[in-house]
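Subject: Structure handed over, with notes

Dear colleague,

Please find below the structure that I said I would pass on to you. My notes on what was found in it follow directly after.

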Amino acid sequence: MKAVFVKREGGGVELRDVEVPTIHEGEILVRMKACGIDGTDIEKAYGKPITPPMLGHEVVGEVVESKSPEYEVGDRVFVHHHVFCGKCYYCLHDSYTMCPLFLKTTIEPCGLAEFFRVPKINIDRGAALKLSPNLSWEDAVFIEPAACVLKALRRVDFKAGDTVSLVGVGPTGSLFIKLLKFLGAALVSVADLSEFRLKMAKKLGADIVINPIQTDFGEICRRATDGIGVDIGILGTPTAKPIQTLLQTIRRGGKICIFGAPEKGEKVELDFSWFFINEVSIITSYSTSEVETTLIHRLIENGKIFFNDLITHRFRLSQAEEAFEVAKDASKSLKVIVENE
Ligand SMILES: [Zn+2]
Ligand SMILES: [Zn+2]
């Protein structure tokens with residue numbers, strides 16, 4: 001079968017022929033139907049990633065072989081690649097994604113493959129969610145990224161009526177716009193360098209969209225909040241530099257959320273005293289867990305929210321290299337989906 005991997009040299013991705021995984025007791029084999037490409041996949045393919053090298057983790061498909069009593073051939077599933085143990089110190093203190101088990105768990109060989117094996121531990125920990133027949137693959141493929149966004153909003157303690165600024169509206173950053181509007185944000189103000197992505201952001205419901213090179217984002221956000229600044233600022237870029245732009249939008253006592261995965265070793269200079277005297281908190285959010293995937297699944301299944309209007313491109317698995325080239329081009333793509341032929 002075909003599966004996508006990071007090229008051994010030179011960056012980018014390549015298709016390789018690998019064996020269809022063999023499943024053991026308690027496991028399932030899934031035929032991939034759709035898989036999203038996100039910022040961390042791009043970083044794995046072209047940058048210096050801090051996340052594991054597996055490509056394709058926003059994946060949905062159909063069970064084609066089952067050695068688990070809970071799943072039958074033909075079941076449609078969303079599968080989360082990482083699970084937490086539920087009993088270690090981190091899990092007992094709500095730091096599920098910091099659980100030592102979390103990064104040790106994965107699917108084999110990856111989500112961007114014709115078939116993948118779901119290990120017993122993922123099954124046991126509730127990582128494979130059954131999808132109802134009327135839920136489309138393109139709706140379900142957003143369960144993982146939307147769950148990451150929901151987790152971040154919970155970590156910054158977002159409340160209805162809050163005002164929010166967002167720097168970087170790539171494929172996952174854009175999900176913030178939809179969830180924030182759905183959850184009752186009073187203002188969603190976004191900045192990005194890509195005119196294409198700003199246009200998409202406006203369509204998705206952002207109240208203010210600006211290019212920070214041309215316009216002072218801090219001033220725009222303050223003007224929209226009676227000179228106060230926003231309650232929450234989200235850094236959705238895979239680089240730390242725009243944090244300076246983001247900080248100019250924040251009110252005293254506000255919070256910023258580091259959401260886009262920075263490259264390994266990324267550094268930025270910050271005025272420490274400013275954070276202290278203005279009581280601005282920095283909160284980070286990494287990945288997601290079944291705590292949020294199950295909630296997003298329910299919201300999507302019940303027709304409360306959908307995200308498929310973010311999709312700009314669809315590719316077949318055999319076109320994976322092209323899919324990645326398009327996905328990394330911020331001037332023409334937002335969400336890129338890879339489908340099995
Ligand atoms: Zn744990
Ligand atoms: Zn993702």
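Asp 226 counts as exposed, because its relative accessibility is 74% (buried means under 20% relative accessible area, exposed over 50%, and partly exposed in between, with a 1.4 Å probe and protein chains only). Asp 226 sits in the loop between α8 (217-223) and β11 (230-235), and it has a positive phi of about 55° although it is not a glycine. Helices (H or I, at least four residues) and strands (E, at least two) are DSSP runs, numbered from the N terminus.

Before going further, please keep in mind that this is a predicted model, in which local features need pLDDT of at least 70 and side-chain atom pairs count only at pLDDT 80 or more, while totals for chains, interfaces and linings use all residues. Residues are numbered from 1 along each chain as its sequence is written, chains are lettered from A and ligands numbered from 1 in the order in which they are written, and side-chain values use heavy atoms, with hydrogens and water left out.

Two further points concern the backbone. Glu 279, in the loop between α10 (272-278) and β13 (281-284), also has a positive phi, of about 50°, although it is not a glycine, and it is exposed, with a relative accessible area of 61%. The peptide bond from Glu 108 to Pro 109 is cis, with omega near -5°, and Pro 109 belongs to the loop between α2 and β6 (115-118).

Next comes the metal site. The zinc ion (ligand 2) is held by Asp 38 (OD), His 57 (NE2), Glu 58 (OE) and Glu 144 (OE), at 2.2 to 2.6 Å, where donors are N, O and S atoms within 2.8 Å of the metal (3.2 Å for Na, K and Ca), and sites may look incomplete since water is not among the atoms. His 57 and Glu 58 are both buried.

As for helix α7 (residues 195-204), its buried residues are Arg 197, Leu 198, Met 200, Ala 201 and Leu 204. Seen down the axis of α7, these fall within an arc of 160°, so they line one face of the helix, the arc being that of the directions from the helix axis to the C-beta atoms. The face turned away from the buried side of α7 carries the exposed residues Lys 199 and Lys 203.

Finally, the structure holds 15 salt bridges (a side-chain nitrogen of Lys or Arg within 4 Å of a carboxyl oxygen of Asp or Glu). One of them joins Glu 138 and Arg 314, whose closest N and O atoms are 2.6 Å apart; Glu 138 lies in helix α4 (residues 137-140) and Arg 314 in strand β14 (residues 311-316), so the pair ties together parts that are 176 residues apart in sequence. Glu 138 counts as buried, at 17% relative accessibility, whereas Arg 314, at 45%, counts as partly exposed. Arg 8, Glu 14 and Arg 16 are linked in a network of salt bridges.
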